[in-house]
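Open the model in your viewer and keep the selection tool at hand.

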Amino acid sequence: MAKKVKASKSPDLSRAFTPSLLGDVIKAKRTQSNITQNDAALLSGISKQTYINIEQGSADVKVASLMKVVSALGVKISIEPWQSDSTANSPLEDENDVWV
């Protein structure tokens with residue numbers, strides 16, 4: 001008999017983006033889709049242990065592995081554009097810096 005997957009609640013996406021939040025999102029997507037960790041790892045083409053590490057929010061996971069998982073599960077990650085203010089100093093510059 002197939003393993004029963006218990007759906008996790010969707011995490012609070014208003015909290016700061018961290019590996020832990022991403023792991024929670026991936027776990028929620030997987031469980032709400034009724035997919036086991038083993039099957040998610042197989043779909044992603046990674047080892048089950050690497051998949052478990054991603055769900056646990058490990059910061060030591062390769063970006064390539066993470067991208068395989070989000071792609072396989074249909075999780076969307078977005079980067080918001082930022083505005084560049086050409087009149088403001090760069091965080092690396094100080095108004096007292098002098099370039100010669």
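Start by selecting Leu22, Ile26, Lys29 and Arg30 in α1 together with Leu66, Val69, Val70 and Leu73 in α4: these are the residues that meet, where contact means heavy atoms within 4.5 Å. Sorted by class, this contact has six nonpolar, no polar and two charged residues. Here Ala, Val, Leu, Ile, Met, Phe, Trp, Tyr, Cys and Pro count as nonpolar, Asp, Glu, Lys and Arg as charged, and the others, Gly among them, as polar.

A word on the model before we move on: it is predicted, so local features need pLDDT of at least 70 and side-chain atom pairs count only at pLDDT 80 or more, while totals for chains, interfaces and linings use all residues. Residues are numbered from 1 along each chain as its sequence is written, and side-chain values use heavy atoms, with hydrogens and water left out. Helices are DSSP runs (H or I, at least four residues), numbered from the N terminus.

Now show α1 and α4 as cartoons. They pack at an angle of about 35 degrees, with axes 10 Å apart; the axes are lines fitted to C-alpha atoms over the stretch in contact, and angles run from 0 to 180 degrees between N-to-C directions.

Next, select Thr36, in the loop between α1 (19–32) and α2 (37–44). Is Thr36 buried or exposed? Thr36 is buried, because its relative accessible area is 18% and buried means under 20%, with exposed over 50% (1.4 Å probe, protein chains only). Beyond its neighbours within four places in sequence, Thr36 touches Lys3, Val5 and Arg30.

Move along to α2 and colour its buried residues, Ala40, Ala41 and Ser44. Look down the axis of α2: these residues fall within an arc of 100 degrees, so they line one face of the helix; the arc is that of the directions from the helix axis to the C-beta atoms. Their cover includes α1, α3 and α4 (63–73). Turn to the face away from the buried side, and you find the exposed Leu42 and Leu43. Just after α2, click Gly45, which takes a positive phi of about 75 degrees.

Select Gln37, Asn38, Ala40 and Ala41 in α2, which meet Lys48, Tyr51, Ile52 and Glu55 in α3. By class, this contact has four nonpolar, two polar and two charged residues.

Note on methods
Helix = DSSP H or I, 4+ residues; strand = E, 2+ residues; numbered from the N terminus.
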